[in-house]
Amino acid sequence: MGKVDLLRVIFISWTLLALLGCGQSNTVKLTITGSSTIAPLVMELGRAFEKQQPGVRIDVQTGGSSRGIADIRAGISNIGMVSRNLKISEKDLFPHTIAYDGITLILNKSNPVSVLTDEQIIEIFRGNIRNWDEVGGPNQSITVINKAEGRSTLELFLNYFKLENRAIKADVVIGDNQQGIKTVVGNPWAIGYVSVGAAEYEEKHGSAIKLLGVGGENASIAAVKQGHYPLSRPLNIVTVNKPEGLTKAFINFAQSSKASAFVEDQYFIPINAH
């Protein structure tokens, strides 16, 4: 290879490297870490946001709400995912609610029982109450439906009733909300719990279920959103400072009406739900 050809090869190589470098520098990454409950929703929102913002990459990593808080404090991530209210020690941070998570007990519509106290619910799931006649219903055995490990509804249910999952005497273990609803529809003496959003939607569209509130409160999307319903929590994305630039743009998108379909697909309640 002659000297001129060698110089040409070197020049082309440096040009390609420069172009690749420019391509990389034009990609802006937003890192979001924290709650595994919120992560699937944020991943979907991130994909939709990337389509609207060429050159933007949304990197979502799980590890729990505590990691989300620690990472934004350390500057490791831009946004933290926190599936609860902020603690007193975290009040210096900026929470941005993107959805609400609430769950309701459900019974078959034909079951005459219309009210259960929190104590009765605990005893039913512990297996200490096994017949509906012990809580004012007919002489029929209770079928207890529990959620599988890893489900956010299970976590919220256990936290509210102060139960350990190993203490629950389940007859059926289900995965998603639809499976739980179908099981109760098919068994008039079953009791289970699912997302308030999913249950209210199915009841309004003719499924043979009814919602049982907790803590003396009726279960509804409106009650969850208004903060009246005890078995619920906000799903927050959190920043250290008041958001600006790309961070602000993503949060605005996550809180907009465009995000509602993604929120409902995860059986959470949109912040703009009526």
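The side chains of Asp71 and Arg67 are joined by a salt bridge, with 2.8 Å from N to O. The structure is a predicted model, and the count of salt bridges in it comes to 10. A search of the whole structure also finds 7 aromatic pairs, and the largest nonpolar core has 46 residues.

**Salt bridges**

- Asp71 and Arg67 both belong to helix α3 (residues 65–74), where a spacing of 4 residues separates them by about one helical turn.
- An α-helix has 3.6 residues a turn, so residues three or four places apart point the same way.
- Asp71 is buried, at a relative accessible area of 7%, whereas Arg67 counts as partly exposed at 27% relative accessibility.
- A salt bridge also forms between Asp101 and Arg233, whose closest N and O atoms are 3.1 Å apart.
- This pair links distant parts of the chain, since Asp101 lies in strand β4 (residues 94–108) and Arg233 in strand β9 (residues 232–239), 132 residues apart.
- Asp101 counts as buried at 1% relative accessibility, and Arg233 is buried with a relative accessible area of 9%.
- Asp171 and Arg130 meet through their side chains in a salt bridge of 3.2 Å, N to O.
- Asp171 is in the loop between α5 and β6 (172–174), and Arg130 is in the loop between α4 (118–126) and β5 (143–147), so this pair ties together parts that are 41 residues apart in sequence.
- Asp171 is partly exposed, with a relative accessible area of 41%, and Arg130 is partly exposed, with a value of 32%.

**Aromatic pairs**

- The ring centres of Phe49 and Phe250 are 5.4 Å apart and the ring planes stand at 85°, so this pair is edge-to-face.
- Phe49 in helix α2 (residues 39–52) and Phe250 in helix α9 (residues 245–254) are 201 residues apart, and their pairing links distant parts of the chain.
- Phe49 counts as buried at 2% relative accessibility, as does Phe250 at 0%.
- Phe157 and Tyr193 form a stacked pair, with 4.0 Å centre to centre and 0° between the planes.
- Phe157 lies in helix α5 (residues 152–161) and Tyr193 in strand β7 (residues 190–195), so the pair ties together parts that are 36 residues apart in sequence.
- Phe157 is buried, with a relative accessible area of 0%, and Tyr193 is buried, with one of 2%.
- A cluster linked by ring pairs contains Phe125, Phe157, Tyr160, Phe161 and Tyr193.

**Nonpolar cores**

- In the largest nonpolar core, the residues that touch the most other members are Leu105, Leu116, Phe125, Trp132, Phe157, Phe161 and Ile191.
- Beyond its neighbours within four places in sequence, Trp132 has contacts that include Leu107, Val113, Leu116, Pro138, Ile142, Trp189 and Ile191.
- Asn111, Gly137, Gln140, Ser141 and Ala190 are also in contact with Trp132.
- Another core, of 25 residues, lies apart from the largest one and has Ile38, Ile237, Ile251 and Val263 among its members.

**Helix α6**

- Asn177, Gly180, Ile181 and Val184 are buried in helix α6 (residues 177–186).
- Viewed down the axis of α6, the buried residues fall within an arc of 95°, so they line one face of the helix.
- On the face of α6 turned away from the buried side are the exposed residues Lys182 and Gly186.
- At the start of α6, the backbone nitrogen of Gln178 has a side-chain oxygen of Asp176 within 3.3 Å.

**Ser195 in strand β7**

- Ser195 lies in strand β7 and is buried, at a relative accessible area of 1%.
- A polar atom of the Ser195 side chain lies 2.6 Å from the backbone oxygen of Tyr267.
- Leaving aside neighbours within four places in sequence, Ser195 is in contact with Gly102, Ile103, Thr104, Thr153, Asn177 and Tyr267.
- Of these contacts of Ser195, Asn177 is one of the buried residues of α6.

Terms used. Residues numbered from 1 in each chain as written. Predicted model: local features only at pLDDT ≥ 70, side-chain atom pairs only at ≥ 80, totals over all residues. Heavy atoms only, no water. Core = buried A, V, L, I, M, F, W, Y, C linked by side-chain atoms within 4.5 Å. Buried < 20%, exposed > 50% of the residue type's maximum accessible area, 1.4 Å probe, protein only. Contact = heavy atoms within 4.5 Å. Helix = DSSP H or I, 4+ residues; strand = E, 2+ residues; numbered from the N terminus. Arc of directions from axis to C-beta. Polar contact = N/O pair within 3.5 Å; in protein donor to acceptor, adjacent residues only side chain to side chain. Phe/Tyr/Trp six-rings, centres within 6.5 Å; stacked < 30°, edge-to-face > 60°. Salt bridge = Lys/Arg side-chain N within 4 Å of Asp/Glu carboxyl O.
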